[in-house]
Amino acid sequence: MKIAIGQLWQETNTLNPLATSRADFEQFGICRGIDLVEQMADVNELGGFIQLMRGWPVPPEIVGLVRLPAWPSGAATTECFAWLWNEFFTAVEAAGKVDAFLLALHGAMVADGHPDVEGAILQELRKRVGSDVPIVATLDLHTNITPEMVQAADVLVTYHSMPHVDIFETGQRGAEALRRMLFEGAKPSTAFCKIPAIVPAENSNTEAATGIAADLKRRVVELEARPNVMSAGIAPVQPWMDIPQFGSSVIVTTNGDPEAARAACLSLAEEFWRRKREYMPTLVSVADAVRLAHEESGLTVLSDAADATTSGAPGDSVWILAELLKYRWPREALITVVAPEVVGQGENAGVDELITVRLGGIRDNRFGKTIELNATVERCFDARFTMTGHIGKNMPIDMGRSVVLRHESNVHVIVTTRSGPHFAPELFRAAGFEPFDASVVIAKSPCGFRAVYAEHAAAIYSVKAPGCAPSDFWNYEFTNIPRPLWPWDEMEEWSPTQDLIQK
Ligand SMILES: [Zn+2]
């Protein structure tokens, strides 16, 4: 038996003016064929696929198609889309006849002229292989599931957790759904409901003891443990995509039991809709957040959601940095900025040199501002490490040459060449700091940072600053989204039955 596996991973933020290009994928780390199977055997969803299949009574031959990953950013160019398409389907053709496809997709990728990249790829794959070859795909929790994706795939399996600490396990769950189709003759019957609501990310912590996200996660996990359920997921889509067919989703796939799929899907969608306001976060102004951090003796983590690089923002906001510079910090104040030209300036000047740099408002020239900073070059380093936790298991990260700039206020600005996980303790450690010992850490992440910081922080505040991934996204201009859509529109009357699709 031959199973083809592959990955397309990029979360798009259409508010970010920086287009995603072929170079972004090539830089992040493409691998193909046998290299994919060897290098990804313990990494993210692909690792979950590979390890679960190797445990089958008769392990299949695993055929590596291609891994195409890029860090979250702006919409891909049309050239990039054409290149991705060609890469993927060239690999499919080269694989020849296979018994099934197991794909790790993100599910919220947008390219110019293609608002549903994964839907288009799944549809084309289905057209090429016919209706008899199983196609199972995994998706991020923040996927924008479309009817096209549901129609083309046999089973869609989403992450259950935010922070995303179940990526590897989601790969295993995808492979398990496929095993049931191949070896037990399972016949997927799916109910899918698009919910006309977009919710902020701050309160989507499924690992919290209480709250809407934790309650809904418990329900889908419990559902998926039932013998007749193959997959159950709730996807509160990532909110920064100005596209048609935009909305949160519930998807339930049973083994040949359409009534059970329908009942579970409707019930989950109804609860999400009824409790959607519980996702609304409490936000603190930049000035108040920094003042509160200064008054706190332990570690304070300030979440700069609007510039969250994990949400596809550009990573060069300095709204919080400007405020940090007004205080004197007893221990380090740590903040990151993506600014390749400043890295070059720092490296040219050399360690211990005092330099004047312009930071911010360059990559995000829509909502950002620029400040001038006099600081000493403290260190030059490679922002390269292996990341495990939110977003990755053993995921290689390389943000390129980087510098640390030290300001007299004890603010340390970690400047990287490229975007990446600008909250990860591994990044701060690569820069020479222990983030848990700092006075204040700015995490460019709306919620996922909690997986590692919650137990170390004396205080955590969600900061309201301008940016490309704002928490109050409905106050920004969106022109392509379907209307009415909550919270842009105040909607009371909606029933999941009107948007239910079954197949
Ligand atoms: Zn996500």
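Helices (H or I, at least four residues) and strands (E, at least two) are DSSP runs, numbered from the N terminus.

**Figure 1. Overall view of the protein chain.** The model shown is predicted. By that assignment the protein chain holds 14 helices and 19 strands. The C-alpha trace spans about 65 × 50 × 40 Å along its principal axes. Of the 503 residues, 57% count as buried. Among contacts with a separation of 6 or more, 77% are between residues 24 or more positions apart.

**Figure 2. Strand β1 and the two strands paired with it.** Strand β1 covers residues 2-9, and seven of its eight residues are buried. Strand β3 (residues 61-69) runs parallel to β1 and is joined to it by seven bridges. Within this pairing, I5 is opposite G64 of β3. Strand β4 (residues 100-105) also pairs with β1 in the parallel sense, over six bridges. Here Q7 has A104 of β4 as its bridge partner.

Figure 3. Helix α4 is made up of residues 78-95 and contains C80. A residue is buried if 20 or more other C-beta atoms lie within 10 Å of its own. C80 has 22 C-beta neighbours inside 10 Å and therefore counts as buried. Apart from neighbours within four places in sequence, the residues in contact with C80 are T20, S21, R22 and A111. For scale, L325 is 245 residues from C80 in sequence, and their C-alpha atoms are 40 Å apart in space.

**Figure 4. Helix α9 and the elements that cover its buried residues.** Helix α9 comprises 17 residues, 258-274. From the first C-alpha to the last, α9 reaches 24 Å, close to the 24 Å expected at 1.5 Å a residue. Its buried residues are A261, R262, A264, C265, L268, A269 and F272. An α-helix has 3.6 residues a turn, so residues three or four places apart point the same way. The cover over the buried residues of α9 includes the strands β7 (188-195), β8 (229-235), β9 (248-255) and β19 (500-502). Helix α8 (212-224) is also included in this cover.

Technical notes
Residues numbered from 1 in each chain as written. Predicted model: local features only at pLDDT ≥ 70, side-chain atom pairs only at ≥ 80, totals over all residues. Buried ≥ 20, exposed ≤ 12 C-beta atoms within 10 Å, placed from the backbone. Pairing = 2+ DSSP bridges. Contact = placed C-beta atoms within 7 Å. Expected span 1.5 Å × (residues − 1).
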